[in-house]
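Here are my notes on the model, point by point. Please keep the structure open while you read.

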Amino acid sequence: MNWRPQTTVSDEQVKFYKENGYLTYGRIFTTPELDELRDYVDEMIANLPAGKRPEQMDVPHFEHPFLFKYLTHPRVLKVIERFIGPDIVLWSSHFISKRENDGMEVPWHQDGVYWGKMLEPMHVITMWLAVDESKVENGCMRVITGSHTLRDRRYEAVDRKNHLFGSEVVDADLDTSKAVALELEVGECHFHDAWTIHNSSPNVSQKRRCGYTMRYMPANVRYPGAAWRPTHHIYLLQGEDRTGGFNTYAPVPAF
Ligand SMILES: O=C(O)CCC(=O)C(=O)O
């Protein structure tokens, strides 16, 4: 299948994202680009160390500079700029791949709560790229519309054997029956805000579900967490630092 990449984001789409905390979008990468990424991640999964699950490939770009081809792609930055402005910092990335008829559950959570005091203000947009098609059966992401306006949610610990992350929103008013399933075809993506409540179910289908989360923040966000996580690097990809020199940015490696 061949498709034309998309880079325009209408004012209505930006408004939808701001009001609802998420947006489903089209394809930013070409078919050959996406195929190359899938081949690359297939290889990474085949070479995972014993005991490491394919949902757990967090910050893969620190070890695999090739991924900067995607994380810094001008088409991606053009789209991200529409949501957070021209000064763009790469915060993080994570492959979450759920094997067929398996796969861990992602508990209901807000990324901003997991990241705690690492960023100030907590302003991150995640682009979730469908390396494989992502449907209800293979555990696509689900969101609670408008939940990014809710801050003080109550969390409880969940078991780490079956869950990718260790705690879950448990507020009585969390109505998960109203969750929106963000189904995607291969190569499509969706965006979500750091405060949007979201989850995903185990993969009960015969098809793998691999997504690449690519996370960006505007360059006015300070990274005080660098003091206690010195191995987590951030990269100024476009525009200027707006923290008055508070942040230290790593150089983007050759890819
Ligand atoms: O890939 C998933 O199922 C969940 C992704 C997620 O929690 C995130 O991108 O913050």
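1. Two strands pair if DSSP finds at least two bridges between them. Helices here are DSSP runs of H or I with at least four residues, strands are runs of E with at least two, and both are numbered from the N terminus. By that rule, β3 and β12 run antiparallel and are joined by 10 bridges. Within this pairing, H94 stands opposite T213 in β12.

2. On provenance: this is a predicted model, in which local features need pLDDT of at least 70, side-chain atom pairs count only at pLDDT 80 or more, and totals for chains, interfaces and linings use all residues. Residues are numbered from 1 along each chain as its sequence is written.

3. Strand β2 (residues 57-58) runs antiparallel to β3, joined by two bridges. D58 has H94 as its bridge partner in β3. Strand β13 (residues 235-238) also pairs with β3 in the antiparallel sense, over three bridges. There, Q238 is the bridge partner of I88.

4. Is strand β3 buried or exposed? A residue is buried if 20 or more other C-beta atoms lie within 10 Å of its own, exposed if 12 or fewer, and partly exposed in between, with C-beta atoms placed from the backbone. In β3 (residues 88-98), 10 of the 11 residues are buried, so the strand is largely enclosed by the rest of the structure.

5. Now the ligand. Its surrounding residues are I96, V106, D111, T126, W128, M141, H198, S200, G211 and T213. For this shell, near means a C-beta atom, placed from the backbone, within 6 Å of the molecule. β5 (125-130), β11 (198-200) and β12 (209-218) each supply at least two shell residues. The shell holds four nonpolar, five polar and one charged residue.

6. A separate check on the open sheet: four strands take the order β4-β11-β6-β9, with antiparallel pairing. β4 (106-109) and β9 (180-181) are the edge strands, each pairing on one side only. β6 (residues 141-143) meets β9 over two bridges. V143 has V180 as its bridge partner in β9.

7. Last, helix α2. Its buried residues are L34, L37 and V41. Seen down the axis of α2, these fall within an arc of 60° (taken from the directions from the helix axis to the C-beta atoms), so they line one face of the helix. The face turned away carries the exposed residues P32, D39, E43 and A46. The buried residues of α2 pack against α3 (68-71), β3 and β12, where contact means C-beta atoms, placed from the backbone, within 7 Å.

Definitions and conventions:
Nonpolar A, V, L, I, M, F, W, Y, C, P; charged D, E, K, R; others polar. Contact = placed C-beta atoms within 7 Å.
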